[in-house]
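Visitor: Hi, could you walk me through this one? I'd like to hop between a few local features.
Guide: Happy to, let's have a look.

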Amino acid sequence: MAYRILLILSLLLIEAHPASSEPVDPVSPPDSLKLFQLNPEVEASLVSNEPTIMDPVALAFDEWGRLYVVENIGYPSGPPEGDPPAGRIARLEDKDGDGYYESRVTFADGFTFPNGILPWEGGVIVTCAPEVLYLKDTDGDGRADIRQIWLTGFSKGGSTQLRVSHPTLGLDGWIYLTNGLSGGEVTSPKHPDRKPVETKRNDFRFNPETLEVEIIPGQAQFGQTFDDYGRRFVCSNRKPAEHVVLDFESLSRNPYFPVTQAVQNLYGTGDPVRLFPISDNITTAISHAQTFTAACGLQIYRGAALPPDFYGNQFVCDPTGNLVHRAFREPDGASFSAERPREKVEFLASTDNWFRPVNLANGPDGALYLCDMYRKTIEHPTYLPEAIRAITDFETGKDMGRIYRFKGKSTEIDAHIPPQFPADMKTADLVELLDNPNSWWREAAQRLLIERKAEAPLELLRKKATHGATPQGRVLALWLLEGFDSLSEKEILAGLSDSEPGVRENSVKLAGRHLQEGSDNLKRSVLAHSEDPDLRVRFQTALTLGEFDSPGKFDALSQIAEKGIDDSWTRTAVLCSVGDNAGELLAEALEWRDRTGEGYRDFLKSICIILANQESLESIRDRVSVLTETAAPEDAEWEEAALVGLIESLQKKSEARGQKDLLVFLAGENEKVANRISSLVESAMNLATHADAPIDDRLAAVDFLQYSTYIKVGETLEELVNPYAPQDLQIAAAKALAQMPEPEAGEFLSEKDRWRSLTPPVRAAIISNVLTRGHHISTFLTALEKGDIQSSSIEPSQRKRLLNSSNEEVQARAKKIFEGIKDVDRKKVFEDYKSVLDLETHPDHGFEMFKVHCAQCHFLDGAGTEVGPDLTGIRTQPRESLLLHILIPNHETVPSFVNYVVETVDGDVLTGLIAGETPTSITLRRAKGEEETILRSDIEDIYSTNLSLMPQELEKNMSRQDLADLIGYLKGDGVK
């Protein structure tokens, strides 16, 4: 697509063989329309097409009914050398009133790769990395004569796909931007005294009045939308819809609470979302049904022209599949899940291989509008080997493009849609439009009221906020009043008692901004919403309670947590707001009637992590005493989880350093506690080795045992490090042993015969944890010196860490061990191994190779773990491309998949992809999806290796036939 990453192994469809019934050449716009397979309740019509427009990637209607279209003609690589940039902004009008926009002027040109637009103050805001610009025509000739750079410094990314985009007005009057998975160091030329705002993994927003810039949670690629109540949703090529659940203001309140995520994937974290294309572009030998590889243009439909049950549905494009996907949003705790309304069929699919839907918008008529770039090839050349790039046609179709309108078959709309807000339109009329059934009118009225701030009709807005006809209008009025610094307690209190949960949710959020100066009545009203029947209102109440202290605060937080204990977002909201009083919350939680379930265990563990970060050793031991006294014999699971939480934070304290048995250390002199802990250790040992017990329970037991000693639990853990145990259990036990300082643990892990019996994932986990903790580095160096462990088991990045160790003895020994290993020109290795492409393949054996060497980080055919990019759809790729990226994983490394090193204040050295960042913590993700969240206060240093997490020199662990078979499996050889 025009906006997707073909992540490392997701490359160009170059070997497809179109069916004879499907067009190989472009077809006319009317004929392409006939090739649509569309929802039977819906009809489509053309809005505009070539030659009037070309390569549309975004559109927006202004208040005069003019249609602005962003033309990214230069995609993917720009014009020929010496030619000016080809990107343009077109302004269209439907002058004959037939619904087709035939009149065009080029509003502005000279852009490299423009990709987003938003009307503002008579002009438009345009995104075109590295800039956000403001354009306006002041002399009436249809051309922008004002061209201002408002913001600059947005990264241009690894390709023209990875760029800032989607300027979107939020309820709060700020303009939200997606970072295109690239980030940047953003400044405003109008405010040169301000420091750059830097980010790599978060989106942005800016205040259009002051041009202040802030980073916000979420990492969108090309797609962003809001629902009626200001909830923000984003997408990236493999994730068609994510809900940004938390904001950084809430996340920053508790520096002792390591939050791992701020967004929820509406489609879950299991199998990829299945798609049902009807074109040849995405068809493979396995199945017609495929998955998202290019999700973009996410839009929540909020109009009245489609059938009523379409309102609030989410739509997202996949141009490689030539389709548009539709889903319902269903409540899922404080967030949502997505459900397909029709089985095995899309909202829109086409047999036209050139149909390339990339973006969607709600229109003034209540219809849904679609941008179709209409290209022969939509993939980006950056991710292709030079030989393939050289024979691929990226140019054909640059002079084409279509825009479509979708409405219900039974819905009558005016084909000619000139909103034409009169220049002298009274602000009172704008207030009335806040209740319009079509979101475009509501948002246009909101925008115009913000632009006319000086003449804001405050009394009318107050009336709308308290007695407006629609909940959407009431919410907009509340936020407009807040933006005008005119929101009073009267309106907030009215909103808090509103019948619509979305209004109450927003009112609770707004109340948080006024509680410090607010009345006792306002505080009581907020506290009362801890009992609100709606979970999302209670969730927002928990976040708002972090804004102030009140005698009833912790009772309210406890009540919210207890009612929503199975919702991870509710638990997180409560813990973000607990402040320095986690002890009170723990005491409340220990009195709950129901103390079972995974949610309760996780909640207690998190409270204990916070407590041990806040309190002294003496206080922590007092907490342990209370826990053991409160727990009944059947409470062992949550009791162990709570103790693990305490130890995770306690081990960072100076008093705990050097302690071999952290569980005994936790008990101190309390004999009763020591006996209870001893009993828990015995139970955990039995559970860990119980072959019939659920694997998650066994893993939790090993997690607990890692804080004991080798003498006590080593034999149990060793029993699990064998080829017959489940791999996840082997890795967990090996990790636990690597953490233990006793030399016997390191000797066991590095013993020659045992090492030979271990699979590569288990070996990799052992080496990673040995290097992280540092306890057994000397033992492993000895094994390397003796040849018990092959030096090729140590990846180049790990070798580098040993060779650059601050320990001179380690450095010297590593130098001798690795002196025979020289840096190899990986391109020469690639050329040498091309011969494997001529070998006969055995895909069944290739699948075994995939499970051994790839499944720890990649997902395919329902197997593996999605750490790096999953490989669904890989069978459409050339064999040479697969070989290239297997042998040279750093050939093209996307920023989101670069390996980082984190050094902690305790001396641990952690590595992995940065999976998430909050103001208080970062989360690293490693093989098998293992994640570790580190508080920023515990970080000594963090830096990028600029290398892929994927190991180099994979060929040293495989024969040439193994490699050929792996490629054969990836290509689907033998599968019909």
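Visitor: Where does L211 lie?
Guide: You'll find L211 in the loop between strand 15 (203-206) and strand 16. Keep in mind that this is a predicted model.

Visitor: And what is the phi of L211?
Guide: The phi of L211 is positive, about 60°, although this residue is not a glycine. Most residues other than glycine have a negative phi.

Visitor: Is L211 buried or exposed?
Guide: L211 has 5% relative accessibility, so it counts as buried.

Visitor: What about Y374, where is that found?
Guide: Y374 sits in the loop between strand 29 (368-372) and helix 3 (386-390). Its phi is positive too, about 50°, and Y374 is not a glycine. With a relative accessible area of 0%, Y374 is buried.

Visitor: Switching to prolines: which peptide bond involving P51 is cis?
Guide: The one from E50 to P51, with omega near 5°. P51 belongs to the loop between strand 2 (42-49) and strand 3 (56-61). Y75 and P76 are also joined by a cis peptide bond, with omega about 10°. P76 is in the loop between strand 4 (67-71) and strand 5 (87-93).

Visitor: Now aromatics. How many aromatic pairs does a search of the whole structure find?
Guide: There are 24 aromatic pairs. One of them is Y68 with F107, an edge-to-face pair at 5.2 Å centre to centre with 85° between the planes. Y68 is in strand 4 and F107 in strand 6 (residues 103-111), so this pair ties together parts 39 residues apart in sequence. Y68 is buried at 1% relative accessible area, and F107 is buried, also with 1%.

Visitor: Which residues form one aromatic cluster?
Guide: Y301, F310, F315, F347 and F406 do.

Visitor: Which ring does the charged end of R201 sit over?
Guide: That of Y900, 4.8 Å from the ring centre. R329 lies over the face of F336, with 4.8 Å to the ring centre.

Visitor: Last topic: what volume does the second largest pocket have?
Guide: About 810 Å³. It is lined by 36 residues, and the closest to its centre are D172, Y176, L246, D247 and K509.

Visitor: Which helix gives the most to that lining?
Guide: Helix 11, with five residues. Among the other elements that supply at least two residues are strand 19 (239-244) and helix 9 (501-511).

Visitor: How does the lining divide by residue type?
Guide: Into 15 nonpolar, eight polar and 13 charged residues.

Conventions
Residues numbered from 1 in each chain as written. Predicted model: local features only at pLDDT ≥ 70, side-chain atom pairs only at ≥ 80, totals over all residues. Heavy atoms only, no water. 1 Å grid on protein atoms, 1.4 Å probe; cavity = no way out; pocket = protein on both sides within 12 Å on 5 of 7 lines; lining within 4 Å. Points joined across faces, edges and corners; volume = space filled by probe spheres on them. Helix = DSSP H or I, 4+ residues; strand = E, 2+ residues; numbered from the N terminus. Nonpolar A, V, L, I, M, F, W, Y, C, P; charged D, E, K, R; others polar. Buried < 20%, exposed > 50% of the residue type's maximum accessible area, 1.4 Å probe, protein only. Phe/Tyr/Trp six-rings, centres within 6.5 Å; stacked < 30°, edge-to-face > 60°. Lys NZ or Arg CZ within 6 Å of the ring centre and 35° of its normal.
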